[in-house]
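Colleague: I am new to this structure and would like to learn how to read its features one by one. Could you take me through them, with the general idea before each case?

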Amino acid sequence: YYVLDSISKDMNLDRKMNTIGILLSGKIPIWKFSIPIDKLVDYNIQEGYRLGLGLETNRHFSEKVTLGGYFAWGTKDKEWKYGGFATYDIFKPLGISFTARYQEDRLQRGATLLKQTSWDLLQPQFIDNFYRTDLEKQRLAELQFTIAPLGNLTFHVVGNYQRIGLKDNYRYIQDNTTIQEFDVMETALEVKWNIRQRILVLGNYRMAQPTKFPKISARISKSIPGVFNSNMDYVRTYVKLVEELSSKRFGSLTMALTLNQTFGDAPLTFQNVAPGTAANFGIITSQAMETIFPSEFYAQRQAMFLVRYDFPAIRTKFKSFSPQFALHHGIAYGDMKDRSAHVLNAKYDLQSMDKGVYEAGLIAHGIIKVSALKIGIGGFYRYGNYSNTTWYKNIVPKLALKFSL
């Protein structure tokens, strides 16, 4: 024991494990409370830097009940956001819990946001969130029931009431009436199934291990007209399949297929926006179109297929230089039946991808390596019917970042 304790002190293992614990959980523990890292500072195109503070109880306060809240302020939109929640863990072995939530915040127009049960610094959405724009005002009161009968299978049953205030650049016409603000009563069912994925437990932290089988996410939501002031009547469906195949000798192949459709008449808030990340600051993402601008395309029915092949890393004599090349290709399609109901005054007119958007790219990872961070570059080219007639305007250069624990 003395020898092990001496090694621990010499290598400063306690501090390193505490740091890893914070990165794995996304929370800084302080006595019986924790501070979520993502509530301290964030960034997106519309709000600018989102500065704030969140506080929630941890297991030292209660093993069953978690209480939390947050507030935030945007340096660009100059507006406050806040919210709070309470979660009761009914039966942890099966992941059964009940959550009540209230918030006044922002909702991205046309996006499908799935429930997050845990923090993941390496998740694709971590960088995708930087490109969020066209955020509507949202007042939300919600009840959520969660059950995870298997470590890799989770169900969420959700019921909420929302008041949506449309952003100034958009108006929705319903029954010859121009609408700027409306209420929605909505129910939803979400399913996440990472087939045959193993979960590694490190103390109080859970880490998902790579799997050769598909990861499936699905969501279906239905508005309920006639409840209080709710008069929208629509059904939204969302399915996403991600397949990752890797080999030390041949590299890795990642494929992602996303399908969205909205049935019934609804504002763009509940239609589908094409996930695009071509903005002034360019950072490569993993599950979005690299040459589509944020909020450039909307659709009632939409499909996107992305494929990326990473070659094995090239070993060199220099620790800070380990290049790894990757090929990328993306296809996106979408259509909108009734465009006259949507009055949009923006840089891009309301358009859907009826003829398809195509892009190809080359990425060089690991040009510079700093500790766990690999920095590289990439270039992408849009072609097809929605490309620019001036060829060089279709080129989108980006920075490639890879982070591994």
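This is a predicted model: local features need pLDDT of at least 70, side-chain atom pairs count only at pLDDT 80 or more; totals for chains, interfaces and linings use all residues.

Colleague: Which residues of the largest nonpolar core touch the most other members?

Modeller: In soluble globular proteins, nonpolar side chains tend to be buried together. A nonpolar core here is a set of buried Ala, Val, Leu, Ile, Met, Phe, Trp, Tyr and Cys residues joined through side-chain atoms within 4.5 Å; buried means under 20% relative accessible area, exposed over 50%, and partly exposed in between, with a 1.4 Å probe and protein chains only. The largest core has 20 residues, and those touching the most other members are Tyr-172, Phe-182, Met-232 and Phe-270. At least two residues of this core come from each of E10 and strand E12 (181-194), where helices (H or I, at least four residues) and strands (E, at least two) are DSSP runs numbered from the N terminus. There is also a second, separate core of 10 residues, with Ile-292, Met-304, Ala-332 and Val-357 among them.

Colleague: What does Phe-182 touch, leaving out residues up to four places away in sequence?

Modeller: Contact means heavy atoms within 4.5 Å. By that rule the partners of Phe-182 include Met-232 and Phe-270, as well as Gln-162, Arg-163, Ile-164 and Leu-166.

Colleague: How many aromatic pairs does the structure hold, and how should I read one?

Modeller: A pair of aromatic rings is described by the distance of the centres and the angle of the planes. Rings of Phe, Tyr and Trp (its six-membered ring) pair if their centres lie within 6.5 Å, and planes under 30 degrees apart count as stacked, over 60 as edge-to-face and the rest as tilted. The structure holds 12 such pairs. In one of them, the ring centres of Tyr-161 and Phe-228 are 5.7 Å apart with the planes at 90 degrees, so the pair is edge-to-face. Tyr-161 belongs to strand E9 (residues 153-165) and Phe-228 to the loop between strand E15 (215-223) and strand E16 (235-247), so this pair ties together parts 67 residues apart in sequence. Phe-228 counts as exposed, at 72% relative accessibility. Elsewhere, ring pairs link Trp-31, Phe-33 and Phe-61 into a cluster.

Colleague: How many salt bridges does a search of the whole structure find?

Modeller: Side chains of opposite charge can pair when their charged atoms come close. The rule asks for a side-chain nitrogen of Lys or Arg within 4 Å of a carboxyl oxygen of Asp or Glu, and the search finds 23 salt bridges. In one of these, Arg-163 and Asp-183 have their closest N and O atoms 2.8 Å apart. Because Arg-163 lies in strand E9 and Asp-183 in strand E12, the pair ties together parts that are 20 residues apart in sequence. Arg-163 is partly exposed, with a relative accessible area of 30%, whereas Asp-183 is buried at 4%.

Colleague: Are Glu-290 and Arg-308 buried or exposed?

Modeller: Their side chains meet in a salt bridge of 3.2 Å, N to O. Glu-290 is buried, with a relative accessible area of 0%, and Arg-308 is buried too, with 11%. A network of salt bridges links Glu-47, Arg-50, Asp-77, Lys-81, Asp-105 and Arg-132.

Colleague: Which elements give two or more residues to the nonpolar patch?

Modeller: Patches are made of residues with over 30% relative accessible area and no salt bridge, like charges being joined within 9 Å and nonpolar side chains (Val, Leu, Ile, Met, Phe, Trp, Tyr) within 5 Å; accessible areas come from the Shrake-Rupley method with a 1.4 Å probe, and for residues only the protein chains shown count as cover. The nonpolar surface patch covers about 840 Å² and includes Tyr-88, Ile-90, Phe-91, Leu-143 and Phe-145. Strand E6 (80-91) and strand E8 (135-150) are the elements giving two or more residues, and E6 makes the largest share, three residues. Ile-90, found in strand E6, counts as partly exposed at 38% relative accessibility.

Colleague: Where are Asp-175 and Ser-295 found?

Modeller: Asp-175 is in the loop between strand E10 (170-174) and strand E11 (177-179), and has a positive phi of about 55 degrees although it is not a glycine. Ser-295 lies in the loop between strand E18 (272-273) and strand E19 (298-299), and has a positive phi of about 65 degrees, again without being a glycine. Asp-175 is exposed at 71% relative accessible area, whereas Ser-295 is buried at 12%.

Definitions and conventions
Residues are numbered from 1 along each chain as its sequence is written. Side-chain values use heavy atoms; hydrogens and water are left out.
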